[in-house]
Amino acid sequence: NFDKNSDERETEYVIDSALNDLFSLGVRVVNLSMGFWDEYSDDHENYHPEEMNGRTTVITKICEKWARRGMVIINSAGNTGEYSWKIIWAPSDAPDVISIGAARFPDKVFKASYSARGNPAIPYVKPDLIAFSPWGTSFSAPVITGIVACMLQKDSTLTLRQIRNILYRSSTLYPYPNNFVGYGIPDARKILVLLDHPGKDVSSVTRLSVKGRKITVPASSPNNVIFEKSTSYLVRKQYIDEAGDGNVTVTRKKGVAFTTIVLGERVLEICWE
């Protein structure tokens, strides 16, 4: 962490030096809790939303460099969801940095209001994943870091690409991520299966094409999560359906092309025709 009210953006180069030292010591996994955006005391040091594109900021280039050399860098996605900024900050915009948002509840794939969204201007998934945190994305990122460390303890030959692929495939919404929660919450049980059987399909998502404007499905538990999406990726709204009668009924609203219904461990990806 750094003090945005006193440090300048030269901190980016300090972090580069630190990552170099860690790399020389053989460190494979690094958890970072930092974001470079627009709250410096000196306005000239500020970055801007259009620069959160995965290729512009110094810190993003630095983290991308070390990720390509084999480091697994996991960074908090940012707590800007309730501010005008809303989207993730650097270096979580880097393609090869695993950025982690925050889930509001410990047992639901539901974005905390403060957790930053993925930038719709970039062509890849951000945040990558989410994990529960009561206090910010700086508390959710270490959860995923611990999972990655356990994965490497089981198989030290895993590459960044393999680790990321397994994390994605084990998660709630795979293969239909969105810009609120990425692929969702990883499941350690599924990760163990994938480590032993890399080709196994462990997804719990079923895709349905629905004609008309309404669908009703049985729910095995209350408090089911709904994502209304304008595209297969961009969320317009998330909410919880309490399924008081044992069913979840979703009515298509104007501008909604896809809806994701999370029914506990079962997920439906609805494509409205």
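Author: The axes in question are lines fitted to C-alpha atoms, for helices over the stretch in contact, and angles run from 0 to 180 degrees between N-to-C directions. The model is a predicted one. In general, two packed helices are described by the angle between their axes and the distance between the axes. Here, helix α1 (residues 11-24) and helix α2 (residues 58-68) have axes that come within 9 Å and cross at roughly 10°. Angles under 35 degrees count as roughly parallel, and α1 and α2 are therefore roughly parallel to each other.

The contact is formed from α1 by Glu-12, Tyr-13, Ile-15, Asp-16, Leu-19, Asn-20 and Phe-23, which meet Val-58, Ile-59, Ile-62, Cys-63, Lys-65 and Trp-66 of α2.

The surroundings may be described through the nonpolar cores. The largest has 26 residues, and those with the most contacts inside it are Ile-98, Leu-129, Ile-144, Val-148, Met-151, Ile-163 and Leu-167. At least two residues of this core come from each of β2 (72-76), β3 (98-103), β4 (129-132), α3 (137-154), α4 (160-169) and α5 (188-196). The greatest contribution is that of α3, with six residues. Leaving aside residues up to four places away in sequence, Val-148 touches Val-29, Val-72, Ile-74, Ile-163 and Leu-167.

Technical notes. Residues numbered from 1 in each chain as written. Predicted model: local features only at pLDDT ≥ 70, side-chain atom pairs only at ≥ 80, totals over all residues. Heavy atoms only, no water. Helix = DSSP H or I, 4+ residues; strand = E, 2+ residues; numbered from the N terminus. Parallel < 35°, antiparallel > 145°, perpendicular 65-115°, else oblique. Contact = heavy atoms within 4.5 Å. Core = buried A, V, L, I, M, F, W, Y, C linked by side-chain atoms within 4.5 Å. Buried < 20%, exposed > 50% of the residue type's maximum accessible area, 1.4 Å probe, protein only.
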